[in-house]
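I'll jot down each thing as I look it up.

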Amino acid sequence: MTGADSPQIAKIGVVGAGLMASQLALLFARKLRVPVIISDLSEERVRNALTGIRARLERDAAKGRLEPAEAQQIAELLRGTTDPSDFAGCTAVIEAVFEELEVKRSVFRTLEEAVDSETLLLTNTSSLSVAAMAEGLRHPERVVGFHFFNPVAVLPLLELVRTPFASDAAMAEASRLAERLGKTAVHVADSPGFVVNRLLTRLFDEVLEEIDDGGDPLSVDRALDPWGLPMTPLALIDYIGPAVQAHICAAMHASFPDRFREPASLTAVVEARLPGFLLADGTLRPEVRQLLPQPHDVDPGDVRERVRAALAEEVRLMLEEGAARSAEDIDLCMVLGANYPQGGLTPLLTERVSA
Ligand SMILES: NC(=O)c1ccc[n+]([C@@H]2O[C@H](COP(=O)([O-])OP(=O)(O)OC[C@H]3O[C@@H](n4cnc5c(N)ncnc54)[C@H](O)[C@@H]3O)[C@@H](O)[C@H]2O)c1
């Protein structure tokens, strides 16, 4: 797509220059071909992000995924700043700062001073209330949840979250933007963890509780293998980052204390500052073994049945609450946002897949 195809988008802002923001800045520049400005708390963080994005473009050019001239053209669209007033003139600004409500609220308050009253304010939050972020702003009607999945270039899902304040115009504009970015937007309610993180966290909780109770960690981790998921639960927690997942577990526990826990093994791995549970070959890190109870054998079929029942319960509650519009939407989210096999969760929950 060229700038001429998207005349109404003048410039895009990205607040935060971390893992997600860097990927988002690149996606916006690549797909929209408009100037993208990215900010963070320090010039060094902004510089590092821009260096990383340019290196990524060079790699893509070297691999033939992009013409070198195109890579250069995209790189030139990206600019960094630490001054919020530089967001003036943006058509949309997305925040991807720390997952803390007060930080995000303050980012939006500051942005409102710089941007027009109609500039879309998007949040990439994974688990916080989008309405709470919009509340108190002069123009809360333009705040929309715009939740991407990591890796952004690979996973096509965008969870689109409407708050009670949102205008139809803002929602329509956000949908159009998602389409231009080549993403499939699925409307989800402004509820904790939205769809994908809620279900993944429930799954992690069940698996980690088995491990907390002394279930042999690798047998528990491999119990879902017959489902053909893209990664084992522990490998996925390691990919997400144990500290990030612990943060999500805490948020989910605060919202639904009867079903979501803060698993002891995950807390122990985070407190020990370990990078994850597993080594690259899929075996347990020896340091993790020291943190866990003496292991006993488990029946993988029992673990699978436990997870299946928990996910079925969570899906039922989500549909009752209206967290998702339909079971089909939930399946779509799991396929496009978590790389689940064709059909998503429904086939796994309705058929008893045996080892
Ligand atoms: N990591 C993931 O896989 C993932 C996936 C989807 C959504 N998210 C969400 O995206 C957001 C960012 O996550 P991340 O993993 O990229 O985090 P990160 O820690 O890599 O990056 C956050 C960045 O925000 C910056 N920051 C903090 N306060 C700021 C402020 N006031 N102004 C400007 N910059 C500020 C930090 O310096 C840091 O560089 C979170 O809301 C997270 O829940 C993360």
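**Entry: helix H4**

I began with H4, whose buried residues pack against S1, strand S4 (92–95), strand S5 (120–123), helix H5 (130–134) and strand S6 (143–147). Before going on I noted what I'm looking at: this is a predicted model, where local features need pLDDT of at least 70, side-chain atom pairs count only at pLDDT 80 or more, and totals for chains, interfaces and linings use all residues. Residues are numbered from 1 along each chain as its sequence is written.

"Buried" means 20 or more other C-beta atoms within 10 Å of a residue's own, "exposed" means 12 or fewer, and "partly exposed" is in between, with C-beta atoms placed from the backbone. "In contact" means that the C-beta atoms of two residues, placed from the backbone, lie within 7 Å.

Which residues of H4 are buried? I found Lys-104, Val-107, Phe-108 and Leu-111. They sit on the same side of H4 because they cover an arc of only 95° around the axis. (The arc is that of the directions from the helix axis to the C-beta atoms.) On the face turned away from that buried side I found the exposed residues Glu-102, Ser-106 and Glu-113.

I also checked the span of H4: its 14 residues reach 20 Å from first C-alpha to last, close to the 20 Å expected at 1.5 Å a residue. The expected span is 1.5 Å times one less than the number of residues.

**Entry: around the ligand**

Of the 25 residues around the ligand, Gly-16, Gly-18, Met-20, Ser-126 and Asn-150 come nearest.

H4 turned up again here: helix H1 (19–32) and helix H4 (101–114) each supply at least two residues of the shell. H1 gives the largest share, three residues.

What is the shell made of, counted as nonpolar, polar and charged? I get 15 nonpolar, seven polar and three charged. For that count, Ala, Val, Leu, Ile, Met, Phe, Trp, Tyr, Cys and Pro are nonpolar, Asp, Glu, Lys and Arg are charged, and the others, Gly among them, are polar.

Pro-151 lies in the loop between S6 and strand S7 (157–161).

**Entry: paired strands**

Strands pair if DSSP finds at least two bridges between them. S4 and S5 run parallel and are joined by four bridges. Ala-92 stands opposite Leu-120 in S5. From S5, Leu-120 and Leu-122 point one way and Leu-121 and Thr-123 the other way, and all are buried.

I then turned to S1 and S2, which also run parallel, with four bridges joining them. The bridge partner of Val-15 in S2 is Ser-39. In strand S2 (residues 36–39), Val-36 and Ile-38 point one way and Ile-37 and Ser-39 the other way, and all are buried.

**Entry: single residues**

Ile-9 is found in the segment before strand S1 (12–15). Is Ile-9 buried or exposed? I count it as buried, because 20 other C-beta atoms lie within 10 Å. Leaving aside neighbours within four places in sequence, Ile-9 is in contact with Leu-32, Val-34 and Thr-91.

Gly-136 is in the loop between H5 and S6. Gly-136 is exposed, since there are 10 other C-beta atoms within 10 Å.

Arg-33, in the loop between H1 and S2, has a positive phi of about 55° although it is not a glycine. Arg-33 counts as partly exposed because it has 19 C-beta neighbours inside 10 Å.

**Entry: helix H11**

My last stop was helix H11 (residues 264–271), where Ser-265, Leu-266 and Val-269 are buried. They cover an arc of only 100° around the axis, which puts them on the same side of H11. What covers them includes helix H7 (196–212), helix H10 (242–255) and helix H12 (286–291). H11 is followed by Arg-273, whose phi is positive, near 55°.

Methods. Near = placed C-beta within 6 Å.
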